[in-house]
Amino acid sequence: MAKQEKTAIIPTRVQDYPEWYQQVIKEADLAEASPVRGCMVIKPWGYALWEHIQRVLDGMFKATGHKNAYFPLFIPMSFLQKEAEHVEGFAKECAVVTHHRLEADEKGVLHPASPLEEPLVVRPTSETIIGAMFAKWVQSYRDLPLLINQWANVVRWEMRTRLFLRTTEFLWQEGHTVHATAQDATEETMRMLEVYARFAEDYMAMPVVKGEKTPGERFPGAENTFSIEAMMQDCKALQAGTSHFLGQKFAKASDIKFQNEQGELTLAWTTSWGVSTRLIGGLIMTHSDDNGLVLPPRLAPAQIVILPVIHKDGDGQAVLDYCHRVANELRAQSYDGVPVRVEVDTREGRGGEKMWSWVKKGVPIRVEIGPRDMQQDAVFVGKRTLDAKDRTTQPREQFVATIAAQLQEIQQALFDRALKCREDNSKIIDSKDEFYAWFTPKNTEKPEVHGGFAYAHWCGDAEVEEQIKNDLNVTIRCIPLDGLKEPGTCIFTGKPSKQRVIFAKSY
């Protein structure tokens, strides 16, 4: 029997994927559960990753004309009731504030004291409160388009939580815009979907499929919802971002009207769109391996870590000085338009343990420098790829001069690997029996990795959609905007189908 290779993460992805995911987060020191049930504490390494996501996306939003603002955390309950579908969609997830003061009883135990005149909902999303402000800000066609983004936290009361993927409180951005015409609002919806897709692929190295949600999967109250869908390594889908064409429903509920060029008072057209910290969960599950986190260089908090190798009888200060010199030379280089991010690990401790701590954190490039390397004016380089043996000695000057190219090579390799995973686990299916067999695990108690993206014809029947969800826990992820649009026959009903849709199990 072949000897099983040791891994830094136990269990492995094959042994227990959900537990592997939790252990990657723990070993990478990204986040941990908080004393508040269902909430998480994002630790510095995890928050630095979120900050880089914010930085890039914020730049993309501003490049498309959007401005940042901030709106209240609390929303009057009456505001949610203005749009029926919206309140129905979020009612079960709302956290509600009913009192505004605490008082101690005779035993010193605190109790809520003063009821509010109207309960306040802790925002699950901000369409209604933002709509109330937009109604004040929009008076004329000259005020349009109004393009606003908010970076904030939201609360959606979840029963089953998982770090980054589904927590009671999470961080996100939500864009909200107002337009004079349906065409302008539709163009905005698709523009922001494209921004999300470009970010996912160019920065996260995560291939996505752009598509429209079915009526049963739409954002509550939207006319149309579009999403980007990515495949994780366990073949499940992750909805990584959404963009909604809201039509005039929310404008009507919030009374967002403007005087058009003909002097007529008319309802505006609105959109909303957002991504959240679940992107970090998607990044973990797209790239990480059985040795821990793997980060795409463009988003890594540190792109290079330098590990001084100091012997007790050696000239430790000279090695440290050399390491800091190399670090400064690297920081003077640019990658993706910003200075290269470098850390020098001067902590005490065994070299092997320090090296593995950075492997588990997913740093793209590790550099070890000892007295011999310093004498040769060289560096010993290890790259965080699938090939753990990808370690070479490079002349210092050559390494510094080519660092941007080496980082980009890793970035592209991660995208290519993720794309191959999606292609290898996508299938055109033309029969109900094959569909059910593909999505049925061999071990129902502890399902193995199975299924993937099934491209199949569907007639549009909501009852069929619900039946598949009940039978297999499989949903229609989206109706793809590109490709496989040939008409056919629904594999479940035999009725005509306009095009294939993507079915998958999902997070």
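Phe164 is buried in the predicted model, with a relative accessible area of 2%, where buried denotes under 20% relative accessible area, exposed over 50% and partly exposed the range in between (1.4 Å probe, protein chains only). Residues are numbered from 1 along each chain as its sequence is written. Because the model is predicted, local features need pLDDT of at least 70 and side-chain atom pairs count only at pLDDT 80 or more, whereas totals for chains, interfaces and linings use all residues; side-chain values use heavy atoms, with hydrogens and water left out.

Phe164 lies in the loop between S9 and strand S10 (169-179); helices (H or I, at least four residues) and strands (E, at least two) are DSSP runs numbered from the N terminus. Although not a glycine, Phe164 has a positive phi of about 70°. A positive phi, of about 60°, is also found at Asn473, which is not a glycine either. Asn473 is placed in the loop between helix H15 (462-472) and strand S26 (475-480) and counts as exposed at 52% relative accessibility. Most residues other than glycine have a negative phi, and most peptide bonds are trans. The peptide bond from Ile10 to Pro11 is cis, with omega near 5°, and Pro11 lies in the segment before H1. Leu144 and Pro145 are likewise joined by a cis peptide bond, with omega about 0°; Pro145 is found in the loop between helix H5 (127-137) and strand S9 (146-155).

Helix H2 (residues 44-63) packs with helix H6 (residues 182-202) at an angle of about 145°, their axes lying 11 Å apart. Axes are lines fitted to C-alpha atoms, for helices over the stretch in contact, and angles run from 0 to 180 degrees between N-to-C directions. On the H2 side the contact is made by Ile53, Val56, Leu57, Met60 and Phe61, and on the H6 side by Met192, Val195, Tyr196, Arg198 and Phe199, contact being defined as heavy atoms within 4.5 Å. These residues divide into nine nonpolar, no polar and one charged; Ala, Val, Leu, Ile, Met, Phe, Trp, Tyr, Cys and Pro count as nonpolar, Asp, Glu, Lys and Arg as charged, and the others, Gly among them, as polar.

Aromatic rings of Phe, Tyr and Trp (its six-membered ring) pair if their centres lie within 6.5 Å; planes under 30 degrees apart count as stacked, over 60 as edge-to-face and the rest as tilted. By this rule the count comes to 20 aromatic pairs. The pair of Phe199 and Tyr203 is stacked, because the ring centres are 5.8 Å apart and the planes stand at 15°. Phe199 is buried at 2% relative accessibility, and Tyr203 counts as buried at 16%. The charged end of Arg298 sits over the ring of Tyr203, 5.0 Å from its centre; this requires NZ of Lys or CZ of Arg within 6 Å of the ring centre and within 35 degrees of the ring normal. The charged end of Lys236 sits over the ring of Tyr507, 5.2 Å from its centre.

Ring pairs also link Phe435, Tyr436, Trp438, Phe439, Phe492 and Phe503 into a cluster. Gly452, in the loop between helix H14 (432-439) and strand S25 (453-457), is buried, with a relative accessible area of 1%. Not counting residues up to four places away in sequence, Gly452 touches Met231, Cys235, Asn425, Trp438, Phe439, Phe503 and Ala504.
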